[in-house]
Amino acid sequence: MYHTATLPARLHSVILNFLQMKAFLKFSLLTVLFAMACHDDAHHDHDLQAEIHHEEVIEFQGSPQALQKLTTPVSLSVNNSRSAGQNVAVYMAEYIYGPGSSEAGSTVFFSDRGNKQLTADFVPGQSLDGSDAISYYVDDTRPPSSISAGDSEAAIDASMDTWEGVACSDLGMTKIPSDGRANGFIAALFGFPNGSFGYNGDVTHNGYLPGPFFSIVLGSSNILAVTFTIIFIDENGDPADEDGDGKTDVAFREIYYNDAYAWSNDGSGIDLETVSLHEAGHGLSQAHFGKVHATDNGKVHFSPRAVMNAGYSGINRVIKGTDKGGHCSNWGNWPNN
Ligand SMILES: [Zn+2]
């Protein structure tokens with residue numbers, strides 16, 4: 001086994017000092033307050049009450065070699081004029097364990113680059129596609145084993161449409177047609193086939209990779225799916241915050257699915273649209289939300305139930321109140337934030 005620790009059923013996260021990769025600093029407990037403001041233009045404006053988001057910090061479970069790869073800045077391939085000379089680095093990986101895993105709950109990996117920022121966000125005017133509309137791309141070179149490629153893409157499209165349909169925001173969601181291109185910054189970083197250091201969209205669904213990808217990159221093969229946040233690095237080698245909003249500037253996000261799981265859209269396995277909706281939530285800057293409760297039979301429950309709960313608990317394809325609050329606080333004023 002990759003590790004023996006049974007993690008408590010709570011939200012977990014790792015904060016790693018980027019400049020001291022040899023030392024995996026262990027912090028006791030981190031409490032992050034998320035003020036969730038909701039601007040619902042469909043009916044009336046209202047604010048959700050501030051919610052408390054607990055994150056227990058644990059050690060990164062991947063190897064030191066993986067950590068070094070994840071945290072070393074890379075110069076993007078020049079596949080359009082805006083990506084020329086752009087340095088980027090992995091900032092965060094948010095993932096959920098599969099059902100039945102002893103590793104209940106979730107883990108968040110943060111590359112703490114010294115500025116203590118725990119959030120990252122897209123910035124108007126900075127997108128490498130030259131548009132404030134949010135673009136997405138669905139890989140067609142790493143198909144799933146358990147369902148058809150067409151069913152997979154349809155479920156992913158549906159999940160993106162669900163986020164686009166939240167009334168408070170105007171993302172101008174644009175799908176870039178799949179054309180067999182190489183894609184996948186993380187895939188490239190770890191030498192998996194058909195990876196690329198080029199920019200392919202603001203949010204990319206990079207297809208299905210086998211369990212070892214998750215073991216090698218994150219230290220566990222029991223991960224359903226993962227979203228990586230790749231940020232801009234400035235000329236000093238620091239995380240960029242061009243708009244000074246206290247959030248690190250996102251270059252793009254990547255989502256990978258674990259091909260070892262039986263994905264489905266008919267309720268027979270892991271519901272792809274449910275997981276895609278969750279990961280796309282991360283893709284659109286949402287963090288995990290909700291308290292996690294473990295029961296004696298090892299099942300995990302969340303309150304309140306939300307798409308952004310830190311674990312899979314069955315089909316959940318509908319945006320809940322807290323999901324909407326988080327989304328609207330991020331995107332309600334876009335592109336004027
Ligand atoms: Zn997640």
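W331 is buried, and so is W334; buried means under 20% relative accessible area, exposed over 50%, and partly exposed in between, with a 1.4 Å probe and protein chains only. Before I go on, this is a predicted model, where local features need pLDDT of at least 70, side-chain atom pairs count only at pLDDT 80 or more, and totals for chains, interfaces and linings use all residues. Residues are numbered from 1 along each chain as its sequence is written, and side-chain values use heavy atoms, with hydrogens and water left out.

Aromatic pairs next. Rings of Phe, Tyr and Trp (its six-membered ring) pair if their centres lie within 6.5 Å; planes under 30 degrees apart count as stacked, over 60 as edge-to-face and the rest as tilted. By that rule there are 13 aromatic pairs. One of them joins F213 and F214, edge-to-face, with 5.1 Å centre to centre and 85° between the planes. W331 and W334 have ring centres 4.8 Å apart and planes at 65°, so this pair is edge-to-face.

F213 counts as buried because its relative accessibility is 1%, and F214 because its value is 0%. These two also belong to one aromatic cluster, formed by F192, F213, F214, F228 and Y256.

Now helix 1, residues 64–71. Helices (H or I, at least four residues) and strands (E, at least two) are DSSP runs, numbered from the N terminus. Which residues of helix 1 are buried? They are A66, L67, L70 and T71. They cover an arc of only 120° around the axis, so they sit on the same side of helix 1; the arc is that of the directions from the helix axis to the C-beta atoms. The exposed residues P64 and Q65 are on the face turned away from the buried side.

On to the zinc ion. Its coordinating atoms are NE2 of H278, H282 and H288, at 1.9 to 2.1 Å. Donors are N, O and S atoms within 2.8 Å of the metal (3.2 Å for Na, K and Ca); water is not among the atoms, so sites may look incomplete. The donor residues are spaced H-x3-H-x5-H in sequence. H278 and H282 both lie in helix 5 (residues 272–283), four residues apart, about one turn of the helix. H278 is buried, with a relative accessible area of 3%, and H282 counts as buried at 0% relative accessibility.

Last, D271, in strand 16 (residues 270–271). D271 counts as buried because its relative accessibility is 0%. Leaving aside neighbours within four places in sequence, D271 is in contact (heavy atoms within 4.5 Å) with S264, N265, Y312, I315 and R317.
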